[in-house]
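Hi everyone, thanks for coming. Let me put the sequence and the structure up on the screen, and then we can walk through them together.

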Amino acid sequence: MTSTTKKILAKLLTVLFIAITTTNIQAQSQEDKDKAIEIALEAIKIMDNGEYKKSIGMLEKSMKLDPENYNYPYEIGLAYVYQKDYKNAI
């Protein structure tokens, strides 16, 4: 195998590795977002039953899994409003 062939093969393997790694990261990211939504929906049900502290903890977990979703901080703020804890709601 010539040195040119080795260089081409090394570049090809690098590109292939990056493609596989990126696909895995994207899949994990979507799994985290799906899990965050699942947890948040359960937290909202719990909040509707008056268990505000428990729902806040669950929503904070959702926020860690999907920090770009603005719905989780909103729901946390709403739970604080329901508790009349306006300082934390802000």
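When I say that two residues touch, or are in contact, I mean that they have heavy atoms within 4.5 Å. Please also keep in mind that this is a predicted model.

With that in hand, let's begin at Tyr72. Leaving aside residues up to four places away in sequence, Tyr72 touches Lys33, Ala36, Ile37, Ala40, Leu59, Ser62, Met63 and Asp66.

Tyr72 also brings us to the largest nonpolar core, which has 13 residues. Tyr72 is among those with the most contacts inside this core, along with Ile56, Met58, Leu59 and Ile76. Which elements give two or more residues to the core? They are α1 (3-48), α2 (52-65) and α3 (71-82). The largest share, 6 residues, comes from α1.

Now let's turn to α2. This helix has 14 residues and reaches 20 Å from its first C-alpha to its last, close to the 20 Å expected at 1.5 Å a residue. Its buried residues include Ser55, Ile56, Met58, Leu59 and Ser62. Those five lie on the same side of α2, because they cover an arc of only 165° around the axis. Over on the other side of the helix, Lys53 and Lys64 are exposed.

One last stop, still in helix α2: Ser55. Is Ser55 buried or exposed? Its relative accessible area is 0%, so Ser55 is buried. Again leaving aside residues up to four places away in sequence, Ser55 touches Ala43, Ile46, Met47 and Ala79.

That's my tour, and I'm happy to go back to any part of it.

Key: Residues are numbered from 1 along each chain as its sequence is written. This is a predicted model: local features need pLDDT of at least 70, side-chain atom pairs count only at pLDDT 80 or more; totals for chains, interfaces and linings use all residues. Side-chain values use heavy atoms; hydrogens and water are left out. A nonpolar core is a set of buried Ala, Val, Leu, Ile, Met, Phe, Trp, Tyr and Cys residues joined through side-chain atoms within 4.5 Å. Buried means under 20% relative accessible area, exposed over 50%, partly exposed in between (1.4 Å probe, protein chains only). Helices (H or I, at least four residues) and strands (E, at least two) are DSSP runs, numbered from the N terminus. The expected span of a helix is 1.5 Å times one less than its number of residues. The arc is that of the directions from the helix axis to the C-beta atoms.
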